[in-house]
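Here is a short report on one protein model.

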Amino acid sequence: MKRSLKTWLAATLLATSTLTGFGAAAADFTACEVTDTGGIDDNSFNQTAWKGVQDAQAKLGIKGRYLESQAETDYTANINSLLGQCDLIITVGFLLGDATKAAAEANPNQKFSIVDYAYDPVLPNVAGQVYATDQAAFLAGYLAAGMTKSGSLGVFGGINIPPVTIFMDGFHQGAEYYNKQKGTKVKVLGWDPAKREGLFTNNFDSLDDGRAFAQNLYDEGADIVLPVAGPVGLGSAALANELGVDKLKIIGVDADLYLTDPERKHVYLTSIMKRMDATVMEVIDSAMKGTFKGGVVVGSLSNGGVDLAPLHDMETMVPDELKKELATIRQQIIDGTIKVGN
Amino acid sequence: MSEQGETATLTARLLERAAPKRADFEDLVIVPVFAVVVALILGGVAMLATNVDLETIGRSYVALAYGSIGSINALSETITAATPLILAGLGVALGFRAGLFNIGAEGQILMGGMAAVVVGFSFTGLPMLVHLPLALLAGIVAGALYAAIAGWIRAATGAHEVILTIMLNMISYRLVDYMLRMPAIQRPGRSDPISSSVLPTAELPRLLEWLGPNLRLHSGVFLMLAAVLFVYWLLFRSTIGFEFRASGESPEAARFAGMRSGLIIVLVMALGGAFAGLAGANQVLGVLGRASSGFSAGIGFDALAVALLGRSHPFGVVIAGLLFGALEAGGRQMQVDAGVSIDLIGIIQSLIILFIAAPLVVRALFPWGFRKGAPASKE
């Protein structure tokens, strides 16, 4: 029994090694992604970054692998198990910041890239990818303020960390800007930009929380809700689906959720897109060409790193005037006439 | 009332399986081995059902073996993952032996870990010889006290410890969230729930750093081994351990023999909590270096399975803990090499537990592994 198992193991090992031996010539660059606890199919954050790897697979002919983290204790272990097997390790999320830093310092010859984290001082083998998400969120806030019937908007986050709250800041600021322009009094529930406090589910995976938080905001009068919590927002979308779009609309984050969540696409007013796929692809490209260097890659409205998704089915519901104003504001943010953030 | 009685008998039956009255070779060895084999086979079937081809299935099991025992790094990861499971599993096993179903290891790990972290970053300037034991002790005491709450309520009012410990788990989650936001604990400059970093003088030193910077095996493994020996001595060589087991087997007889059942309940819970607290301290001082809201990572619940699988014997717990650690480390490699979802490892683990908890199924599936006419169950 024991011996047969051993020979079988050896045979399989041999088979796999010859297989990979043949394949090596076509694609000898491997990019690996480590997700946070949201998982690879979270319809938003991790999935968008993974799309960048997949795009690179299709266009640059590289190999891609991913490793899902089930708990916070997995971060370091997951990164370690990819060391030496990947030309570039992409860690997705602010929460992997400490683990990535430790691994990068211990392995100076391994290239890393982390989404949503900028190290100061810069680590020579880590390219941080950060996003001026508040620029796109500003547009979403303005749009939502122009579309609300109840005069209240709602927002909640996953965890109170900068890459989450930057959405809430921009959204709040956009709605305030609308109020200033139009003399309206649209309220944003769930985030106080001055006190840095608001509604947080404290996780990135509970769909039940997404439903409950959206329900609470709806009960308080909000008819458009922005959940900034990855897959948690799918729970909010399910609630909007049941209540009906005229009562509650959802604004998606990270990906264009109209496309990634086709079953409930009608509930999304728009999405605040954080084009991690574009920046991930850019970093992979630079690593392949040998131009990779440690530092920060910033995605903004001007380089397409962040943007507002198309309105899709809501196109006819949004007044033309509002659309025109959005286009103007967008231009003003890009050329700096409107200052978003502090 | 009748429902409560039903729960009580169910627990009694589970406990009987968890803490066998006499060494039963078949239940102790054959059933677990078959359970693992069947779980691996059914795991393969599950992969087949999700359109994974045979070659990938073969590759993923090779990866499972390689990732758990195939290299120094793999062994280091397996033991690193197994250490807290074994520590917390010992705590749960102690409870089983004394007839108590302690579901609260998760909460006790959280409380122990928090106490260890706070001591670990608060005292600057202490030498390691003082600081590290102090942090560990804080973890042990916090875990013990937290578990003793459930023990005390049980002893004083008769409320069932299953309910009590589940509720205490819930409280501990929120308590940790709250504590991690207190200015004294939260890391300066961060607004998410994360603690300051443990000082180097309170860290459990890594053992294999001279071999490679990524080997995470740390000296917590010695604590674990000491704990195993201690529990063995306690249960089978000491008077108090005898009292634990006696009250587990027959509380009434134990009472008539002059043992103080209330005190024993509180003691057993506190001791179990101490081991869970040590597991939490082991995690924050040896692996994570800080606390954040999910640092217990379900270890407390896996520890239940480890104690069940190890039949509440300290050595059994070691083997079961190593198996679970190996599944965790190897599962990671499965995902890297074969691209198989990590959830599959969860399925295999659950299947193992399912078959352990239902030895009748295993006996029915593999009749030739057992003596003919052997009692199928001890009821």
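Lys101(A) counts as partly exposed, at 35% relative accessibility. Here buried means under 20% relative accessible area, exposed over 50%, and partly exposed in between (1.4 Å probe, protein chains only). Glu105(A) is also partly exposed, with a relative accessible area of 48%. The two side chains, Lys101(A) and Glu105(A), meet in a salt bridge with an N to O distance of 3.9 Å. A salt bridge needs a side-chain nitrogen of Lys or Arg within 4 Å of a carboxyl oxygen of Asp or Glu. Both residues sit in helix α4 (residues 97-106) of chain A, four residues apart, about one turn of the helix. An α-helix has 3.6 residues a turn, so residues three or four places apart point the same way.

## Basis of the model

This is a predicted model, in which local features need pLDDT of at least 70, side-chain atom pairs count only at pLDDT 80 or more, and totals for chains, interfaces and linings use all residues. Residues are numbered from 1 along each chain as its sequence is written, chains are lettered from A and ligands numbered from 1 in the order in which they are written, and side-chain values use heavy atoms, with hydrogens and water left out. Helices (H or I, at least four residues) and strands (E, at least two) are DSSP runs, numbered from the N terminus.

## Other salt bridges

Over all chains, the count comes to 25 salt bridges. One of them pairs Arg332(B) with Asp74(A), at 3.3 Å from N to O. Arg332(B) lies in helix α13 (residues 314-338) of chain B and Asp74(A) in helix α3 of chain A, so the pair joins two chains. Both Arg332(B) and Asp74(A) are buried.

Asp285(A) bridges to Lys289(A), with the closest N and O atoms 2.8 Å apart. These two are four residues apart in helix α10 (residues 276-289) of chain A, so about one helical turn separates them. Asp285(A) is partly exposed at 24%; Lys289(A) is exposed at 61%. Elsewhere, salt bridges that share partners join Asp74(A), Glu77(B), Arg216(B), Glu328(B) and Arg332(B) into one network.

## The disulfide

How many disulfides does the structure hold over all chains? There is one disulfide, defined as a pair of cysteine sulfur atoms within 2.5 Å. It joins Cys32(A) to Cys86(A), S to S 1.9 Å. Cys32(A) lies in strand β1 (residues 30-34) and Cys86(A) in the loop between α3 (74-82) and β3 (88-92), all of chain A, so the pair ties together parts that are 54 residues apart in sequence. The link is left-handed, with -90 degrees about the S-S bond. Cys32(A) and Cys86(A) are both buried.

## Nonpolar cores

The largest nonpolar core has 109 residues; among those with the most contacts inside it are Ile90(A), Leu143(A) and Phe171(A). Such a core is a set of buried Ala, Val, Leu, Ile, Met, Phe, Trp, Tyr and Cys residues joined through side-chain atoms within 4.5 Å. Helix α5 (residues 133-147) of chain A gives the largest share, ten residues. Apart from this core lies another, of 104 residues, including Ala93(B) and Leu309(B).

Lys274(A) belongs to strand β12 (residues 268-274) of chain A. It counts as buried, at 2% relative accessibility. Leaving aside neighbours within four places in sequence, its contacts (heavy atoms within 4.5 Å) include Phe45(A), Thr48(A), Asp116(A) and Asp254(A).

Phe45(A) and Thr48(A) are among the buried residues of α2(A). Just after α2(A), Gly61(A) takes a positive phi of about 70 degrees.
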